[in-house]
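Open the model in your viewer and keep the selection panel at hand. The stops below say what to select next and what is there.

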2 protein chains.
Amino acid sequence: MINKLIAGIQKKNAPVVVGLDPMLNYVPGKIKDAAFEEFGETLEGAAEAIWQFNKGIIDAIYDLVPAVKPQIAMYEQFGIPGMVAFKKTVDYCKEKGLVVIGDIKRGDIGSTSAAYAAGHLGKVAVGSKSYYGFDEDFITVNPYFGIDGVKPFIDVCKEEKKGIFLLVKTSNPSSGEFQDQKIDGKPLYELVGRKVAEWGEECMGDAYSYVGCVVGATYPEMGKVLRKIMPKSYILVPGYGAQGGTAKDLVPYFNEDGLGAIVNSSRGIIAAYKNDTYAKFGEENYAEASRKAAEDMIADIRGCL
Amino acid sequence: MINKLIAGIQKKNAPVVVGLDPMLNYVPGKIKDAAFEEFGETLEGAAEAIWQFNKGIIDAIYDLVPAVKPQIAMYEQFGIPGMVAFKKTVDYCKEKGLVVIGDIKRGDIGSTSAAYAAGHLGKVAVGSKSYYGFDEDFITVNPYFGIDGVKPFIDVCKEEKKGIFLLVKTSNPSSGEFQDQKIDGKPLYELVGRKVAEWGEECMGDAYSYVGCVVGATYPEMGKVLRKIMPKSYILVPGYGAQGGTAKDLVPYFNEDGLGAIVNSSRGIIAAYKNDTYAKFGEENYAEASRKAAEDMIADIRGCL
């Protein structure tokens, strides 16, 4: 799947992933009204609204970008109906040829991580049969448990030829509270980064590993160091746009081959019509606003590489 | 809810939580056959089997223990039908008067943590109404993001009078890979522990905070130190029984008031009938075997306190 992701990035000349993190207040009134008309102001109504909203955006951007990253929390908050909307979104994106990065940030002790890995990347056995649960192509994983919490994910990646992005340095303001703490003179995120490189070596695609990492766009100096520590790991970079990262900041996240990083934007694209720059599209043309914002982001990043 | 948990522990004289982490191979043949008969060997069939299995155990143990801890990964692996079984389990346990600790180990940047907090502890707004998604009483939270990933959970705890258990030192063999790394001479888990104490001070129940922590039974020396660092935080202790922790190991996790810790056993109770000690109950009486195992565990822990 890492090979497929890279092929998509090259074909579309766009190291960009669109974060499908819908909030109900991003959904245009017409879509919301129709959903509430059918299902009432219920969790089912909310789930229908975000699913229809997503569908509009996916239809508008699937030819521009290689991948999408649905953030499961935004669906999970609506309970079971929300999880159904998540699954529909994953399936629809795959139908459209997009690589799906499930932003689920799971992680636990070994046997429990194995269950998450089965549910999100692999198959679960039921009697004589087996089934995919959510069936994303990649997922994000939290490393706090150490290798025996991560290995079950890597095992399933090998079987299924899928991938993970391990959290190394997150984009939020307080990420340094634990991640920047110095261990033998080096920050914790570097130690995690070295482990990502080590764990990734045993499951390589053609040029890059199935084991990637997350490094926020908001910390470019750290990105530069981490790029060198993990030369064969794809870096998933959140924090561009709404969180403050600029295209210029992103250059150090890439390798000399022009590959090695994929930059996420969520709100900046899916809620573009709420931004002054794209307000002229109007609420009804939210998906076209998203398309234009994706085009602009791609051009912005291309311009700096 | 921390007050309710403590009242339950005192009333039942049992600082014990039963981990509802069903694996399909724990489910007795008769229950599995009936579920597959109705739904086929499908995800729905698997979900029905684990739900019926859980129900039998809950009916057998609800009067003995104050709380249960369903591990969401074991449900999530069966996709949407598994999530439905998780929700049914949470609701049924609450009907039976049990405190429900959702073992979900979520955590993300602020806005995303807010969505998880809304979905699992609080309510989500839909138009003019609002709804609980999964509605556990407590959840486990991963601290890797620092305070701005944790604060949204604390905010909802204050509103809803619910609680969280932050991962400090996990029970798995490789937990030390990052958690034991020395920062200014002290291990990372101590730094996280000090933050738990600090964050917990602003949301106190009567004697203990809404903000608890997770410290594995497999590291009693560390438990002793952490108990002192976080005197007002309840410690959720996994790792008793199947993972190797003994009752004697647990003494340092408690305060002098006899409170301050609640010990989890999952497999040792819910799959007791598969253990030689309880094999005489037979597969059909799996729930009675679980009841006896819970009684023995409670007596074991009472004997050491």
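Select chain A and chain B together: 71 residues of chain B are in contact with 71 residues of chain A, where contact means heavy atoms within 4.5 Å. The model is predicted, so local features need pLDDT of at least 70 and side-chain atom pairs count only at pLDDT 80 or more, while totals for chains, interfaces and linings use all residues. Residues are numbered from 1 along each chain as its sequence is written, chains are lettered from A and ligands numbered from 1 in the order in which they are written, and side-chain values use heavy atoms, with hydrogens and water left out.

Stay with the interface. The size of an interface is often given as the accessible area lost when the parts come together. Here the buried area (accessible area, 1.4 Å probe, that two parts lose on being put together, summed over both) is about 5700 Å² between chain B and chain A, and carbon and sulfur atoms give 63% of that. Now pick E41(B), Y144(B) and F178(B): they supply 16% of the area that chain B buries against chain A, more than any other three residues.

Next, look for charged pairs. There are six salt bridges between chain B and chain A; a salt bridge is a side-chain nitrogen of Lys or Arg within 4 Å of a carboxyl oxygen of Asp or Glu. Select K105(A) and D108(B) to see a salt bridge whose closest N and O atoms are 2.8 Å apart. Then colour helix α6 (residues 110-120) of chain B, which gives the most to the side of chain B that touches chain A, with seven residues. Helices (H or I, at least four residues) and strands (E, at least two) are DSSP runs, numbered from the N terminus.

How are the two chains related? Chain B can be laid on chain A with an RMSD of 0.0 Å by a turn of 180° and a shift of 0.0 Å along the axis, the copies being superposed by least squares on the C-alpha atoms of residues with pLDDT of at least 70 in both. That is the relation of a two-fold axis. Select I183(B), which of the residues of chain B comes closest to the rotation axis, at 2.7 Å (C-alpha). Since 100% of the interface residues of chain B are also interface residues in chain A, the copies meet through the same surface.

Now show the strands of chain B. Eight of them close into a barrel, in the order β1-β2-β3-β6-β7-β10-β11-β12, with parallel pairing; two strands pair if DSSP finds at least two bridges between them. Zoom in on β3 (residues 99-106) and β6 (residues 138-141) of chain B, which pair in the parallel sense over three bridges. There, R106(B) stands opposite V141(B) in β6(B).
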